[in-house]
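Thanks for coming. I will go through cavities, cores and salt bridges, in that order. Please have the structure open.

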Amino acid sequence: MVTGHTPQTDTAALAQEFVQFSVDAGVLKFGEFKTKAGRMSPYFFNAGLFDDGAKLGKLAQFYAKALMASGIEFDMIFGPAYKGIPLGAAVSIELARLGKTVPFAYNRKEAKDHGEGGTLVGAPLKGRVLIVDDVMSAGTAARESIELIKKAGATAHAIAIALDRQEMATEVQPDGSIKDVPHSAVQYVRNTLGMGVCCIAQLSDLLAYLSTQSGNEMGQHLPKVQAYRDRYGV
C-alpha cells in the first residue's frame, strides 16, 4: 500500500513543474473560455491534449508521484469513460513501474450486448477503488462513477485529478435554473462524501506560477485569473 508523505515543499515543487509542463504541452491555455456552468474563464485545461506517448507518460508520472505523496491507500484503479480510460491505464502502468501493482478497470458509456457484455471492462471492481480523471467541475461525472462502483459492491474510496480549479460548484434548481453553491466539487467529495482527493495542482499553484512570470507575455494573464478566483473561488 501507499504509505507516508513527502515534504510539502516537494508537492509544491511538483505542482509548479506540472503547471509548466501543461503550458509547454499546450494543455493549459489562456484567453476566454465558457465553462459548463456558463462562466467565462480566463484559462482552460484540456487533458485531451496530452495526445502523444511522451506527454501521456509524463502526465502519468505526475499522477503517480502525487498519489505516492498523498498517503492515500487504495486497492485498484477505475478510469471513467472517456478521458479517464487512458489516464487510469497510464497511471496504473507508472505505479507498477514504481513498485505498486494494482488492478485496473474502466466503463463503457453504452452497454455491450455481445461477448462479455455489460458496461465494465478489466478487473472486477472490489475493495477500495481510486477513480482517476482529469478535472472535477460540477462533480456530476464523479457521482456517476461512485454510483457505478457502489453497485458493483466496491467502495469508492478516493479520486485523483490533475487540476483542482478551486471554484464554486453549481447545482440545478427545481425550476431548471443553475445556482452557484458555496463549496467546490472537490470539497463536496472530500467533506460530504468522505472520500480522499489527490490533485497534482490547484488554481492557487497556477496563480503562484503566473506571479513568477512578470515581465513576459505569460505574466499578463495573472490579473484576469486572480479576478476570476476572487469572483468564483472557494
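In this predicted model, the count of cavities of 30 Å³ or more comes to 2. I will talk about the second largest cavity, which has a volume of about 40 Å³.

Which residues line the second largest cavity? They are Phe18, Val19, Ser22, Leu28, Phe45, Leu163, Ala201 and Leu206. Helix H1, residues 8–24, supplies the largest share of that lining, with 3 residues. By type, the lining divides into 7 nonpolar residues, 1 polar and no charged.

Keep Phe18 and Leu206 selected. In the largest nonpolar core, which has 47 residues, Phe18 and Leu206 are the ones with the most contacts inside the core. If we leave aside its neighbours within four places in sequence, Leu206 is in contact with Val19, Leu28, Phe30, Tyr43 and Val225. Another core, of 20 residues, lies apart from the largest one. Among its residues are Ile159, Ile161, Ala185 and Val189.

Now the charged side chains. Side chains of opposite charge can pair when their charged atoms come close. How many salt bridges does a search of the whole structure find? It finds 9, and I will show three of them.

Start with Arg128 and Glu73, whose side chains meet at 3.4 Å, N to O. Arg128 lies in strand S6, residues 128–132, while Glu73 is in the loop between helix H2 (53–70) and strand S3 (76–79), so this pair ties together parts that are 55 residues apart in sequence. Arg128 counts as partly exposed, because its relative accessibility is 26%. Glu73, at 28%, is also partly exposed.

Next come Asp134 and Lys83, with their closest N and O atoms 3.5 Å apart. Asp134 is in the loop between S6 and helix H4 (140–151), and Lys83 is in the loop between S3 and helix H3 (84–97), so the pair ties together parts 51 residues apart in sequence. Are these two residues buried or exposed? Asp134 has a relative accessible area of 7%, so it is buried. Lys83 has 37%, so it is partly exposed.

Last, Arg165 and Glu167 form a salt bridge at 2.7 Å, N to O. Arg165 is buried, with a relative accessible area of 10%. Glu167 counts as buried at 10% relative accessibility. Both residues belong to a network of salt bridges that links Arg39, Arg165, Glu167 and Asp180.

That is the end of my part.

Technical notes. Residues numbered from 1 in each chain as written. Predicted model: local features only at pLDDT ≥ 70, side-chain atom pairs only at ≥ 80, totals over all residues. Heavy atoms only, no water. 1 Å grid on protein atoms, 1.4 Å probe; cavity = no way out; pocket = protein on both sides within 12 Å on 5 of 7 lines; lining within 4 Å. Points joined across faces, edges and corners; volume = space filled by probe spheres on them. Helix = DSSP H or I, 4+ residues; strand = E, 2+ residues; numbered from the N terminus. Nonpolar A, V, L, I, M, F, W, Y, C, P; charged D, E, K, R; others polar. Core = buried A, V, L, I, M, F, W, Y, C linked by side-chain atoms within 4.5 Å. Buried < 20%, exposed > 50% of the residue type's maximum accessible area, 1.4 Å probe, protein only. Contact = heavy atoms within 4.5 Å. Salt bridge = Lys/Arg side-chain N within 4 Å of Asp/Glu carboxyl O.
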